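Look at the sequence and the model first, then read on.

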Amino acid sequence: MGWNYASSLERAQTRWEQTSEITITDVKRKIDFDQISRLHPRRVVGSHFYVDVANFNKVLRSGNVQDDEMVRLLHVFAREASQITESDFDGQKVHFQGPRLHALSYRPIDDESAMAAKAVLTSLAIRHMVAPFNEQFGLEEDVAWIVAAGIDHGSTLATRNGAGGDQELLFLGNAANRAAHVLSKTGVRMTAAVRELLPESFDPYLSEVSSDEYCVNMSASTAESMADLFGWSWALATSKDRLADLADKYNAGCVKVSDVKENIDKSSVSLSNTKRAFGVSLFADVDGFTDYIEGLTTSDEGPVEGVRVFHTLRGELRDSVVQDFDGLRIQYQGDRIQALAYRPVGDHEAIALKAVELASALITVAEEVLPEATGVAEPPLPVAIGLAAGEVLVTKVGQHGSPDLMSIGGSTATAAAIEGRLKGGEIGLDSELYSLLPDWLQAVFPWSGSAKAYVAAGLNFDEFGTLSESASTDGSASSVGKAALLTAGGLAAAGVGAAAYLKARDRMPTTPARPWSRD
Amino acid sequence: MVAGLTATAAARWERDRTLLAEVEPGLTLRIDSQSERARIEGQIRVARPSGRADAFDVVIKYSGLDPLEVPDCYDEVGRFSRIANRHVESDGRFCMWLPWLAPAREFRTADGLAIYLARVQQFIDLQLQYEARERRGIEPFWPGPQWGHGDDGFREWFREETRTLSAVCLGNVLRDVNRNGKAGRRCPCGSGKRFSNCHKQFLRDLRVAWAVIPTARAISYAELEARRAA
């Protein structure tokens, strides 16, 4: 086992060929997004919104609430937020990215104004729901949850990623991305595109934040009235009752945490089977992918090519993580992938080293394997990778039937934050992970003030391997020289008979390679 | 069949040509009997950690038409910086070993060329490691063991080879550098072993070293004096 270029390329080429028949059609009525296939993406016009517990990681890191209790709270929050989104407002939950809900309002079809209004009111409803939520669970002052939201509107491509049962719904396009970007620490914010679509009745509650950003402030009772005008049935009192029921149903102690003793089986993870693992959280984001997709929309073939590139890249990132490095793919989040590199047994240093090696493999996949597999050389799509080490809880929260797998821990948030500050082709580490690395690898990662992390640019798999080999050089031919010799597989790939070479390899002298210089 | 070669040499050249076609098709053997020059040139592949093979231009030059004499390998296209720290001479020659430690015996074996190519690949791999370490500022840049430059290399080798000898024994050994004693005689180092099983190879190498490095003889005696003084 282990990553290598030839098998990575073969997988990517296979995936590229498998997606040659992609057809994109428009969504014209209510659809079951679970039925979307990789080969038939759907173009959806609608309002994307993210609703986030803005201080979730701060509360988690404070230690004032136990981490298993945070899992329980998140589960209840996710259940009620999903209920508001899908039952009260007839919206579409995409998934929870940790404490952040991504949802879509795409109906009534042909009434974009109502779509925007629905997204805004749903966000407001969830934001107001947090007051009874905090009250229900006794969360006061520093540990009281605060919710913020970001909304954008436009056309996006709905597709699924992954293989077999390991698939997830996701959306490609600016609207899905911009909504996350306008999300701030507080308030419900939206882009100008959403603002322009909202009915005039919203005007008194809107304020301009910048030329392209607006904020909405509305009381719960006003939001209820507005929802009622549109025919949606949310009421704060109903939320409060449901929260009380959920608190009874998921009482303290419903989350059962055990240490990881063997590879994590995603299908068996649940609230009552939450796993605690030391590992390295990884976020790999395809730099510039949204712009790339947008740029392709000028031609009919463009989006198809974009989706094919996307599936090929994301599929290979996933396979490299899961198949070659035994990592756990936590989630696809738009054009980024979240994973956990861990080992049921093994020291932390070994896990840290393996995680950086994994990151270097992902850099190679994006910058070298993908162009060769697809023949699409321009534009390059480098990945930015944030890594952070620490203990996390791996669990599933949310609606029965469609819970979201997530890892919860300070390192998860740190890795995501680091990734957000990196440029394509860079790998960034937090100080915990950095301290676990051997000296030679620490030298590769100088501190970056702008990224607030230890950052290396352009560290691909070959360079990592070369440096690793150079660090393990102890003067014996086995450590110095044999790595340079072609393996039987390498020879076969090059179409060359291996017998004589391997014979020579076996006869390599055991004396060290020790050069001299005349001068 | 190249004119003017012994049957043994011709057979070896033929074997090497076949071996190249089999394992390194990017390399071609060229023998010019008129100018009495032989060389292997083209691209040699070096395996990378990802399993890929990168190709490098090399020229392997023989000093004459003897296929059993260890050749020199050159980077004539300037792929690697020609600096002493990288053990690449100004004309692109790879300094893969101390001249008197060239693996002559293994080169004479049937797979001698294959082993030699493996050593070239090993050397290029070290160059790539050097480049990676230099790019990332990891010192020392040269990743493995190496001999000191110039005279220092000889001095290190001399000390390593004679570290177990007392001043008296070393003096006896040096006294015999140019003596051809009787077969079966005892080693002058005083170990009691037969000379052929003890310091015969060292003295053979030392003679070559003295011929290659002008200062080597003086260094050898300076080391002896230093040991006496100690």
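In chain B, strand β1 is joined to strand β2 (residues 37-47) by 6 bridges. The two strands run antiparallel. Strands pair if DSSP finds at least two bridges between them. Strands (E, at least two residues) and helices (H or I, at least four) are DSSP runs, numbered from the N terminus. B:Arg30 stands opposite B:Arg39 of β2(B).

## Helices on the strands

Helix α3 (residues 112-136) of chain B packs on the sheet. This helix touches β1, β2, β3 (53-61) and β4 of chain B. Contact means heavy atoms within 4.5 Å. The direction of α3(B) makes about 55° with that of β2(B). Such angles run from 0 to 180 degrees between N-to-C directions, with axes fitted to C-alpha atoms, for helices over the stretch in contact.

Helix α1 (residues 7-23) of chain B lies across β1 and β2 of chain B. It runs at about 160° to β1(B).

The open sheet has 4 strands, in the order β1-β2-β3-β4 (chain B), with antiparallel pairing. Its edge strands are β1 (27-32) and β4 (72-74) of chain B, and each pairs on one side only. Neighbouring strands are turned by 25° against each other on average, direction ignored.

## Confidence and conventions

This is a predicted model: local features need pLDDT of at least 70, side-chain atom pairs count only at pLDDT 80 or more, and totals for chains, interfaces and linings use all residues. Residues are numbered from 1 along each chain as its sequence is written, chains are lettered from A and ligands numbered from 1 in the order in which they are written, and side-chain values use heavy atoms, leaving out hydrogens and water.

Chain B averages a pLDDT (the predictor's confidence in each residue, from 0 to 100) of 92.
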